[in-house]
Amino acid sequence: MFRATARRSLPRWSLPQSPATSSSPLPFPASRTVPPAAQPISFRATRQVGFTAATVVVAIGAGAWYTNQDTLERTSSSSSSLFSSWSRTLSGAPGTGLQPSLARQRWEETYARASEWVARVPGNRLAIILAENWVEMSEAKRTSAGLIASFVGIWLAWRLPAKLGIGQWLAHQPLSGKAITLLTSTFSHRTLTHLGFNSIALFSFSGATFAALSHADSDLLPRSTSRYEFLTLFATAGVVSALASHLWFSRVIAGGLLKRGLTTREVRSAVLPSLGASGAVYALVSLTALSFPSTSVSLIFLPFFPIPIGLATSALVAVDVIGLVRGWRMFDHAAHLAGAAMGAGWYFAGHAVFEQVRKWMWDGQKQRIEEERGRRRDRGVGGWVSI
């Protein structure tokens with residue numbers, strides 16, 4: 001479990017034996033004029049903080065927009081009593097966000113697409129098996145499977161020739177001055193073990209996270225899916241945890257090493273790049289622990305001994321706090337703690353903010369969709385386009 005939730009698979013910093021033998025494990029090209037190791041270290045983080053803030057705002061806005069769009073496109077224009085009948089359509093479960101009839105439509109569309117795909121390859125038994133398994137999976141599992149597929153794609157990108165320089169965009173070097181790698185590194189895993197553990201953890205907690213988001217207390221708006229809020233939480237938690245790691249290693253660790261008398265070349269060799277999705281996964285774990293405190297989990301190496309999720313999460317956080325204070329170098333404890341804090345923040349306030357943004361967008365989106373339906377009726381075209 002500890003390995004499964006580790007965000008970073010590479011040691012983040014270590015004192016080099018000598019400048020001559022120290023090097024970054026990732027292929028960062030050298031400058032033509034001044035070698036990167038000799039360049040002065042800047043402790044400014046304005047670019048990284050600005051990029052993180054922009055990513056969070058864009059992610060929440062996009063997630064809210066797509067959730068509304070998906071919901072409105074599946075809601076009949078004749079349903080004038082949508083809000084008045086809202087609590088009754090949920091089998092007497094007031095405050096529940098997910099509307100079963102709309103979620104059912106999404107499943108039927110998934111089934112139709114799978115059937116169409118099978119029809120294109122008649123007689124292919126493997127295609128039928130894959131389609132059946134895809135349809136039988138919950139939307140949470142299908143969403144996490146899509147994220148894992150992106151992990152695998154980036155893992156394969158690491159196998160490309162180093163001379164292409166792709167690695168410099170797939171991992172975040174705190175002393176590089178880059179900001180976009182705060183996001184790209186969240187989806188990046190260089191080793192198969194790192195990829196496997198994070199993928200298992202993501203897949204395991206996706207269902208509980210979807211349930212927490214779908215049934216969180218909210219009296220604002222209905223929803224057809226929690227997929228877009230889940231992706232929003234994953235992206236924002238990933239970039240925020242990467243920023244926390246950046247600030248810790250670029251300011252605290254690098255600054256401490258400089259004060260100890262190390263040269264900038266030695267400090268740059270000591271602070272290594274980082275990557276991985278564990279900060280985002282930690283957010284899912286902490287959100288689940290707060291939403292379902294009576295749930296028990298099992299460690300991957302001790303599957304027959306269930307542990308209360310609150311105890312397990314507290315233990316993980318305690319280990320990361322100790323690791324951060326004592327300077328343990330195996331994992332990125334700063335990213336872990338920031339990810340756990342993001343999950344807690346989403347539980348206490350993030351979901352409400354997400355719903356409030358949806359409310360701000362709702363009327364405008366509803367009007368545009370109704371106008372489009374009117375134009376389609378005038379042209380004699382039925383139905384609507386689903387995203």
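Predicted model: local features only at pLDDT ≥ 70, side-chain atom pairs only at ≥ 80, totals over all residues.
A352 sits in helix α11.

**The overall plan**

How many helices and strands does the protein have? There are 11 helices and two strands. Along the sequence, the elements come in the order α-α-α-α-α-α-α-α-α-β-β-α-α. The protein has 387 residues, and 45% of them are buried. If you take the contacts between residues at least 6 apart in sequence, 80% join residues at least 24 apart.

| Pair | Separation in sequence | C-alpha to C-alpha distance |
|---|---|---|
| P273 and G167 | 106 residues | 10.0 Å |
| D70 and L102 | 32 residues | 9.1 Å |

P273 belongs to the loop between α8 (264–270) and α9. Is P273 buried or exposed? With 0% relative accessibility, P273 counts as buried. D70, by contrast in setting, is part of helix α1, and D70 is buried too, with a relative accessible area of 0%.

What does the side chain of D70 make a polar contact with? Its partner is the side chain of S224, at 2.4 Å.

E139 belongs to helix α4. This residue is buried because its relative accessible area is 17%, and buried means under 20%. The side chain of E139 makes a polar contact with the side chain of T225, at 2.9 Å. Setting aside neighbours within four places in sequence, the residues in contact with E139 are R106, F210, T225 and R227.

**How α1 and α7 pack**

Two packed helices can be described by the angle between their axes and the distance between those axes. For α1 and α7, the axes come within 8 Å and cross at roughly 175 degrees. That angle makes α1 roughly antiparallel to α7, since angles over 145 degrees count as roughly antiparallel.

Which residues meet here? On the α1 side they include Q48, F51, T55, A59, G63, Y66 and D70, while on the α7 side they include Y228, T232, T236, V240, L243 and H246. The residues of this contact divide into 10 nonpolar, eight polar and two charged. D70, whose side chain makes the polar contact with S224, is one of the α1 residues that meet α7.

**The nonpolar cores**

The largest nonpolar core has 40 residues, and those with the most contacts inside it are F151, L202, F230 and F234. Which helices each supply at least two residues of this core? They are α1 (46–73), α4 (139–157), α6 (192–214), α7 (227–259), α9 (278–291), α10 (309–326) and α11 (333–378).

Leaving out neighbours within four places in sequence, F151 is in contact with T186, F187, H189, L195, S199, L202, F234 and A277. Two of these partners, L202 and F234, are themselves named among the core residues with the most contacts.

Apart from this core lies another core, of 10 residues, including I41, A254, L262 and A270.

Technical notes. Residues numbered from 1 in each chain as written. Heavy atoms only, no water. Core = buried A, V, L, I, M, F, W, Y, C linked by side-chain atoms within 4.5 Å. Buried < 20%, exposed > 50% of the residue type's maximum accessible area, 1.4 Å probe, protein only. Helix = DSSP H or I, 4+ residues; strand = E, 2+ residues; numbered from the N terminus. Contact = heavy atoms within 4.5 Å. Polar contact = N/O pair within 3.5 Å; in protein donor to acceptor, adjacent residues only side chain to side chain. Axes fitted to C-alpha atoms, helices over the stretch in contact; angles between N-to-C directions. Parallel < 35°, antiparallel > 145°, perpendicular 65-115°, else oblique. Nonpolar A, V, L, I, M, F, W, Y, C, P; charged D, E, K, R; others polar.
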